Amino acid sequence: MSENFIFEGHDTVELARRFGTPLYVISENRIERAIKKIKSAFNNAGLNYSINYAGKAFICKAMCKILQKLDVCLDVVSGGELFTALSAGFDPACITLHGSNKSEIEIREAIDAGIKTITIDSISEIDIVNKIASELHKTANVHLRLSPGVEAHTHEYIQTGRIDSKFGIPINMGIRAAAKVESSSNLRLTGLHCHIGSQIYSSKPFQIAATSMLEMIYNIKEMGVEITELNLGGGFGINYLQDDPVFDIDEYAVILSKTFEKQSKELGIKIPKLIVEPGRYIIGPAGITLYSVGTVKEIPFLRKYLSVDGGMADNPRPALYKAVHHAIIANKVNKEANDLVTVSGKCCETDTLIKDILLPKAQSGDILCVFNTGAYNYSMASNYNRLTRPAVVLLKDDKAEIMVKRETYENITINDTYPSWL
Ligand code: LLP
């Protein structure tokens, strides 16, 4: 029996040998399965919906192609993400733009490209978007991002629906914002938006947020404006560790469908189309990272450090959020995991990738496989210590090909210039 870990039909040790390490590996089949799971839950619950994948979790041109193939829309959060999507030929009518501090250039590029909606994040942004739309002689469809004041049980840094947050318009200012949009010559208010946080396991906070948002749709209708879309953001949790709870997408769909139906009826409003913006749920479990083990340092009676050839530059989540990822030694899957180690990255600071994990006894040259790294790893990677960003390999059935090339030293020095006095 092979000692090597097989991921979606591929020998990971062979992938590491063929493409080098550190290496991000993404499974297209897993992306497909996650999207199918959401679609079937939403279809079974009888929802009228759109899935707008959150590009911030992971985006590159090939990813845009996959999304388009799977009939999924895309939410971008910057000019760079928009440019990536448009250069991949992504249909602008299926793109939405977010951001708490969009630049005028980004707004102009988005309206000019004819994207579906711009999500306005603050009262002051209304005038800016309207000015740019009128300069371009266009009418922009906009959503208003409201902060409903829901506190989701997740890490403080990824909790974004609170009133005391840089994101969104406080819900009690929603009417004022809607009136301002309505009186803007080149804006059309088509929806409301909220995003209560990320890595949420329960449907309850989404239901509470939906209730407040539907109430707001009613209040806006009283002003004579009919809202047709309600975007409840992303945030569906995934289990990084085996004991983590599982987010029940079927339960979410049923609860949301019932809430939409019942409350819309009571309020006398048309049931809005539900838009969701999951990122992590779609791409997180689709990705793993492969590293080579280098130095093994044992401090007797204290700790054993296993150093790998990547770290916080390719996965800043442990350093930023104390995030925990599961890992195995990919070439020793049948060996007992009885050696307690701390996995360190190679950056020139503490750079703890995984604190205290039981692995089989490892040595230099072994391959470490870290799970659930599809979301917010490549997209948050840096060149700290002038490390080159790893390649991303895409798996589809029995095929494995590069979707993002490994950076070279030339890539990381290409923008360096010499001021005239040097
Ligand atoms: N929509 C909006 C407006 C968002 O701000 C986010 C994430 C999403 C959708 C997608 O959320 P997801 O389904 O992926 O949870 N870097 C952090 C996560 C930051 C999330 C920011 N906003 C991490 O690595 O955990």
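How many residues surround the ligand, and which are the closest?

Analyst: This is a predicted model, and the answer below starts from the ligand. The ligand is surrounded by 19 residues, and the closest are Ser198, Glu277, Arg317, Tyr321 and Tyr376. By type, the shell around the ligand divides into six nonpolar, eight polar and five charged residues.

The side chain of Ser198 places an N or O atom 2.3 Å from an oxygen atom of the ligand. Glu277 has a polar side-chain atom 2.6 Å from a nitrogen atom of the ligand. Gly235 contributes through its backbone, where an N or O atom lies 2.8 Å from a ligand oxygen atom. The ligand taken alone exposes 580 Å², and the protein buries 93% of that.

Arg317, one of the closest residues to the ligand, also has a contact within the protein: its backbone nitrogen lies 3.0 Å from a polar atom of the Asn315 side chain. Asn315 sits in the loop between strand S14 (303-308) and helix H11 (317-321). Its relative accessibility is 2%, so Asn315 counts as buried.

Strand S14 also holds Lys304, while Asp339 is in strand S16 (residues 339-344), 35 residues apart from it. The side chains of Lys304 and Asp339 meet in a salt bridge, at 2.6 Å from N to O. Both of these residues are buried.

The structure holds 17 salt bridges. Another one pairs Asp127 with Lys180, with the closest N and O atoms 3.1 Å apart. Asp127 lies in helix H6 (residues 123-135) and Lys180 in helix H7 (residues 174-182), so this pair ties together parts that are 53 residues apart in sequence. Asp127 is partly exposed because its relative accessible area is 42%, and Lys180 counts as partly exposed at 26%.

A further salt bridge joins the side chains of Glu407 and Arg389 (3.0 Å, N to O). Glu407 lies in the loop between strand S20 (399-404) and H12, and Arg389 in the loop between strand S18 (367-371) and strand S19 (391-396), so the pair ties together parts that are 18 residues apart in sequence. Arg389 is partly exposed, at a relative accessible area of 22%.

Leu422 is in the segment after helix H12 (409-413). With a relative accessible area of 71%, Leu422 is exposed. Together with Tyr418 and Trp421, Leu422 forms a nonpolar surface patch of about 530 Å² accessible area.

Conventions:
Residues are numbered from 1 along each chain as its sequence is written. This is a predicted model: local features need pLDDT of at least 70, side-chain atom pairs count only at pLDDT 80 or more; totals for chains, interfaces and linings use all residues. Side-chain values use heavy atoms; hydrogens and water are left out. Patches are made of residues with over 30% relative accessible area and no salt bridge: like charges are joined within 9 Å, nonpolar side chains (Val, Leu, Ile, Met, Phe, Trp, Tyr) within 5 Å. Accessible areas come from the Shrake-Rupley method with a 1.4 Å probe; for residues, only the protein chains shown count as cover. A salt bridge is a side-chain nitrogen of Lys or Arg within 4 Å of a carboxyl oxygen of Asp or Glu. Helices (H or I, at least four residues) and strands (E, at least two) are DSSP runs, numbered from the N terminus. Buried means under 20% relative accessible area, exposed over 50%, partly exposed in between (1.4 Å probe, protein chains only). A residue is near a molecule or strand if one of its heavy atoms lies within 4 Å of it. A polar contact is a pair of N or O atoms within 3.5 Å; within protein, one must be able to donate a hydrogen and the other to accept it, and residues adjacent in sequence count only if both atoms are side-chain atoms. Ala, Val, Leu, Ile, Met, Phe, Trp, Tyr, Cys and Pro count as nonpolar, Asp, Glu, Lys and Arg as charged, and the others, Gly among them, as polar.
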